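Please look through the model below before reading my points.

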Amino acid sequence: MLYNSTENKNEVVSASQAIAQGISKDGGLFVPQSLPEYDTDVLQSLLKLDYKGIAKKVFTDFLSDFTAEEIDDCVEKAYTAEKFGGSNPAPLVFKSYNGNETNILELWHGPTCAFKDMALQILPHLLTKSLKKTADGKDAVILVATSGDTGKAALEGFKDVEHTKIIVFYPELGVSPMQKRQMNTQEGANVKVCAIEGNFDDAQTGVKRIFTTPEISSKLAENNMMFSSANSINWGRLLPQIVYYIASYCEMVNAGKIKLGDKINVVVPTGNFGNILASYYACCMGLPINKFICASNSNNVLTDFISTGVYDKNRKFYATISPSMDILVSSNLERLLYKLSGNSDTTTREWMTALKTDGKYEVTAEVKDAVSSVFYGGYCDDVKTKETIAKMYKEENYLCDTHTAVAIAVYDQYISETGDKTPTVIASTASPYKFSKSVLSAVNDGSELPDSEFDMVDMLNSLTGVEVPAPLASLKDKEVRFSDVVKVNEMPDYVLKALGVN
C-alpha cells in the first residue's frame, strides 16, 4: 500500500515514509491510495480475536512495508495490561441516557488517562522502525501542538526513546490545570515543553509553518535530524484509531447487542476531526456504520460546516470547560474533503489555500450533500455540558468528563431531532479527573470548591467513590520542569535553541 499527499498526488510514499515524515513537503496530509475491504467474512473472523489481534490485522493491511514480526513487536509493546489496566485497552460500558441505551467506549485507560494513548503508545514503535527503513540514521524531532491531551500522551510515549527528541507547544490559558501539570512535570532527557501566548490554532499553525520552512529543515539536516509529527496529521497517529472502532463493533456483536452486519451510529466529541475520521475510514473499509455524529462545544465550526458546506474560522473563539475541543481549524477534515472530492488534490489544495488566506472556504454542492448524508453535527455550551455530567451521575451512577458529556448531550439532541434509535457507540475520551474542577462543580451539592486542583480531586473522589487513576494521583508530588512561555512568532527560534542548532 502506498500513500500520497492530499495536495499533491505526485508525492507518493511508502507507509514507513509517511509515518517518518509526518506531513507532506507541500503541507498536505498523507492518505492511503486505497483502503482494504472488510466484508462479512473478514468481520466474522475478527470476532474471535482480542484487541491486539484486531490491531495486528489492521496494521498488516495498511503497513505493507512492515514485516509481521515488526507489527507484532509494536502491538505487543504498546497495548500491555500494565499500561492499560487490563487485556482490553478500550472497553465498552453499557449505560443509558434519557431512556436511550448508550454504549460508552472508554478510551482513557492508558498512562495519561486520555484517548490519545491509544495511538501514542504505539506511534513511537512505528516511528522508530520507520526511521530505520527510511531516514539513514537521522534522529527524529517530534513537534507537537496540543490542546491538552495529545501533548502529554506524546511526551509519555516518546520519553527517552532513542534517536528521538520531542518538543510540545500548548496554549498557556487553553488547557486544564491537570493537563498543564501533566506536561510541565514530564520526565525524560529528550523532552521539551513550552506554552505559547495564543490558542491551539495558533500553536498548530506555528508548528505547520516550522515543518514547511526549508531553512529550518536544512539546519536540522546538517545536524543529522529530521522533523516528524505526533499530531493526528501523522498517519501513524490516525491508523491506530481505526482499530478501536472495529474492536468496539466486534464487542457489541459478541455481547449480543447487535448481530453481525447490523449498522451502528458513532458519536465522537470532536475538535481536530481525527477521531471521528478514523471511524469514517473504518466504515469505508466495510464496518457497518449508519451515521457519524460530530459533537462540538461552543466552538461549533464543524457543526456549521456539516449543515451549510461553508467552513469559516472567522468567528469568536471560546475557552470552554472541554478545552481539547477548543479548535477552529480542524486539520483532519482535509483528508475527508480529499476523499469526497474524488481524490482531487487540486480542489483540496484550493480549499486549504482559501482557509489560510481568507479563513474560510465553501465546498461544492456534491461534497456538501455527501457530508450531510452521513454526518450529523451538533454542539452544546458549558451549562449543558455540566447538566449532562450531573444527570449521568445521578441517574446512571456514571461519572464522565466534560468532553464525553458533550458527546452524550449532542447524541440526545440527535435522537430528539431524528428519532433514530440505531445502536450507538459514544467515544469517551478522557478521565473525569483530568477536568476535576468542572466535573466536581457539576455533581457536588453546592459546597464551596477548594482552591487546589489536587484538593478538588480528593473531594471528587470522596463524593463519588470513583477511583483516581494512579498516573494523575502521582502528579501532586512531581517537580515542575518546564515553565517557558513564548509568542507564536518566537516558536521557530525556540525549536532551534532547544535542539542546539540555532
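This is a predicted model: local features need pLDDT of at least 70, side-chain atom pairs count only at pLDDT 80 or more; totals for chains, interfaces and linings use all residues.

1. Residues are numbered from 1 along each chain as its sequence is written, and side-chain values use heavy atoms, with hydrogens and water left out.

2. Helix 7 covers residues 123-134. Helices here are DSSP runs (H or I, at least four residues), numbered from the N terminus. Helix 7 has 12 residues and reaches 16 Å from first C-alpha to last, close to the expected 16 Å. The expected span is 1.5 Å times one less than the number of residues.

3. Asp136 follows helix 7 and has a positive phi, near 55°.

4. Helix 18 (residues 382-396) and helix 19 (residues 402-418) have axes that come within 8 Å and cross at roughly 90°. That makes helix 18 roughly perpendicular to helix 19 (65 to 115 degrees). Their contact (heavy atoms within 4.5 Å) includes Ile389 and Met392 of helix 18 and Ala405 and Val406 of helix 19.

5. The axes of helix 9 (residues 177-184) and helix 21 (residues 453-464) come within 10 Å and cross at roughly 120°. Helix 9 is therefore oblique to helix 21. The contact is made by Pro177, Met178 and Arg181 of helix 9, with Glu453, Phe454 and Val457 of helix 21.

Terms used: Helices (H or I, at least four residues) and strands (E, at least two) are DSSP runs, numbered from the N terminus. Axes are lines fitted to C-alpha atoms, for helices over the stretch in contact, and angles run from 0 to 180 degrees between N-to-C directions. Angles under 35 degrees count as roughly parallel, over 145 as roughly antiparallel, 65 to 115 as roughly perpendicular and the rest as oblique.
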